[in-house]
Every structure is written in structure tokens, then in C-alpha cells.
Amino acid sequence: MAVVGRIARAHGNKGQVIVNLDTDFPEQRFRPGAELFVQRNGRADRLTVQTVRFQHDRPVIAIDGVETMTDAEALAGLELRVPRDTLAALPPGTYYHHDLVGCAVETIGGAAIGTVTAVEDSGGPSRLVVHGVRGEVSPLAVDICRAIDVGAKRIVVAPPEGLLELNSPTQP
């Protein structure tokens with residue numbers, strides 16, 4: 001399953017929720033009749049979108065069976081997922097976040113940096129969160145990636161001088 005959004009909070013008193021997006025295709029993922037899945041109590045529960053409207057670029061959705069604010073509040077924080085085989089094909093040079101998580105990151109010279117643990121989006125270029133032997137490496141902007149091979153789970157980067165040392169332990 002791939003994450004396409006997270007339920008932020010209840011909206012109003014009729015069971016609607018606001019979704020923080022984790023997809024570039026919100027109109028496709030959050031349309032009436034769309035099926036989404038959440039993990040609860042060790043199982044994947046199916047949710048069906050009843051209605052949708054967009055407020056400040058975020059979907060406000062009503063879900064079948066979620067009728068009250070209390071019902072909606074119980075969903076806050078849950079990740080909304082879809083089966084990976086329903087994801088749209090992406091153009092060359094673009095990747096789903098879940099494809100990058102778990103990739104080994106190394107420099108052009110072959111020095112190991114660490115493993116991608118998350119991908120952050122904050123309006124600018126995406127950043128890779130990398131955990132290395134010395135802890136978390138400052139987020140690496142996707143712009144410094146020179147080669148991405150999701151099949152081999154490998155990313156080669158050309159970091160600017162000093163970037164990798166930002167999180168190095170300081171010497172007394």
C-alpha cells in the first residue's frame with residue numbers, strides 16, 4: 001500500500017475530515033466512490049469517500065459510515081493508503097516517495113552516506129532524510145542527486161562541500 005494522505009482532523013460536526021495530501025493526484029484519489037485504506041488494530045480497513053470539496057488546496061471528505069464529529073476525530077492522524085498497483089505511472093525522472101525510502105545513498109566517489117528514511121516536501125524541492133552511521137544527515141535536496149535507481153535501491157549524490165559534516169559530532 002502507498003500513502004496518499006493523512007487525516008489531519010475532523011471538520012465540522014457531520015463527520016467530515018480534512019486531509020493533508022501526500023499525492024500529486026488529489027482529484028483522482030479523493031473523488032466520490034474512491035476507496036482508501038487505513039491501518040487500525042493490525043488490519044487494513046476500507047473507507048469509501050462519499051463527498052469531497054477542496055478548501056485551501058486540501059480535500060475535505062465525508063466517508064461512508066462516519067456520521068459524527070466523534071467518529072471523525074477517531075480517524076485523526078491515520079494514513080490514507082491505496083494499493084500500489086493503482087498508482088499512476090510517473091514520467092521519467094520522477095518517483096513516488098515510497099520508492100525512495102530504503103534506498104542506500106552514496107557519493108559520486110562511492111562513499112556510503114546512509115539510507116533514506118523519509119522524503120520531506122515543504123513547497124520547494126523535495127529533501128531526502130538520510131540516516132547514516134553518525135546519525136541523521138541534514139536533509140539532502142533531490143537537486144543534488146546524480147543517479148536514482150529505485151530497482152537497485154541506490155541513490156548517488158554530489159553534495160556541496162561541508163554538507164555531510166553538518167551533523168558530525170563536534171570535536172572538543
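Is Cys 103 buried or exposed? Cys 103 is buried, with a relative accessible area of 0%; buried means under 20% relative accessible area, exposed over 50%, and partly exposed in between, with a 1.4 Å probe and protein chains only.

A word on the basis of these values. This is a predicted model, in which local features need pLDDT of at least 70 and side-chain atom pairs count only at pLDDT 80 or more, while totals for chains, interfaces and linings use all residues. Residues are numbered from 1 along each chain as its sequence is written, and side-chain values use heavy atoms, leaving out hydrogens and water.

A disulfide is a pair of cysteine sulfur atoms within 2.5 Å, and by this rule the count is zero. Cys 103 is in no disulfide, because the nearest cysteine sulfur, that of Cys 145, is 9.5 Å away, too far for a bond. Cys 145 is also buried, with a relative accessible area of 15%.

We turn to the cores. A nonpolar core is a set of buried Ala, Val, Leu, Ile, Met, Phe, Trp, Tyr and Cys residues joined through side-chain atoms within 4.5 Å. The largest has 22 residues, and Val 17, Phe 30, Leu 36, Ile 61, Ile 63 and Leu 80 touch the most other members. Ile 61 touches residues including Val 17, Phe 30 and Leu 36 (heavy atoms within 4.5 Å), not counting residues up to four places away in sequence. A second, separate core of 13 residues includes Cys 103, Leu 128, Ile 144 and Val 157.
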